[in-house]
Amino acid sequence: MILATLEQGSAHGYAVIEEIRRRSRGSFNLPEGTVYPALHRLELAGLLASDWVTPDAGRRKRVYTLTPTGKKALKERREGWAEFSRAVGVFLEPDKPWAA
């Protein structure tokens, strides 16, 4: 979800949290203590890059950006999720014709 959130552009950690909450219509209300360590791990893995930004009227924030490796990982994860969803669908709705 974090990679998909940053696909639209760079954002600081709290903005990522708010966007996940908004896009999930409140279903995912992730605490900062969950998201910030995940952002750090994704950066260490090379999927994100970060930079410190100081807005004209505000305090310094770390802004995260999806890297080319992160874009590739997001594509692979979407494909994996689609396959997983289809497989679960076969069990939950066995009479529904699922696309191969």
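The largest pocket has a volume of about 380 Å³. The model is predicted, so that local features require pLDDT of at least 70 and side-chain atom pairs count only at pLDDT 80 or more, whereas totals for chains, interfaces and linings use all residues. Residues are numbered from 1 along each chain as its sequence is written, and side-chain values use heavy atoms, with hydrogens and water left out.

## Pockets

A pocket is an open set of points on a 1 Å grid over the protein atoms alone, where a 1.4 Å probe fits, with protein on both sides within 12 Å along at least five of seven lines; lining residues have an atom within 4 Å of a point. A volume is the space filled by probe spheres set on the points, which are joined across faces, edges and corners.

Fourteen residues would be spelled here as a count: the largest pocket is lined by 14 residues, and M1, I2, A4, L74 and R77 lie nearest its centre. Helices α1, α3 (32–44) and α4 (68–92) each contribute at least two residues to this lining; helices (H or I, at least four residues) and strands (E, at least two) are DSSP runs, numbered from the N terminus.

The second largest pocket is lined by H12, G13, Y14, Y36, W52, R59, R60, K61, R62 and Y64. Two or more of its lining residues come from each of α2 (13–23) and β3 (61–66), and β3 gives the most, with 3 residues.

The table sets out volume and lining by class, where Ala, Val, Leu, Ile, Met, Phe, Trp, Tyr, Cys and Pro count as nonpolar, Asp, Glu, Lys and Arg as charged, and the others, Gly among them, as polar.

| Pocket | Volume | Lining by class |
|---|---|---|
| Largest pocket | about 380 Å³ | 11 nonpolar, 1 polar, 2 charged residues |
| Second largest pocket | about 220 Å³ | 4 nonpolar, 2 polar, 4 charged residues |

## Nonpolar core

A nonpolar core is a set of buried Ala, Val, Leu, Ile, Met, Phe, Trp, Tyr and Cys residues joined through side-chain atoms within 4.5 Å. The largest such core has 18 residues, of which I2, L3, L6, V16, L39 and L48 touch the most other members. Elements α1, α2, α3, β3 and α4 each give two or more residues to this core. Leaving out residues up to four places away in sequence, L39 is in contact (heavy atoms within 4.5 Å) with I2, L6, G13, L48 and Y64.

T5 lies in helix α1 (residues 2–6) and counts as buried because its relative accessibility is 9%; buried means under 20% relative accessible area, exposed over 50% and partly exposed in between (1.4 Å probe, protein chains only). Beyond four places in sequence, T5 touches V16, E19, I20 and R23. A polar atom of the T5 side chain lies 2.7 Å from the backbone oxygen of M1.

R23, in helix α2, is partly exposed because its relative accessibility is 40%. Apart from residues up to four places away in sequence, R23 touches A4 and T5. The backbone oxygen of A4 is 3.5 Å from a polar atom of the R23 side chain.

## R62

R62 belongs to strand β3 and, at 29% relative accessibility, is partly exposed. The side chains of R62 and S50 are joined by a polar contact of 2.7 Å. Such a contact is a pair of N or O atoms within 3.5 Å; within protein, one must be able to donate a hydrogen and the other to accept it, and residues adjacent in sequence count only if both atoms are side-chain atoms. R62 and S50 are 12 residues apart in sequence and 6.3 Å apart in space, C-alpha to C-alpha.
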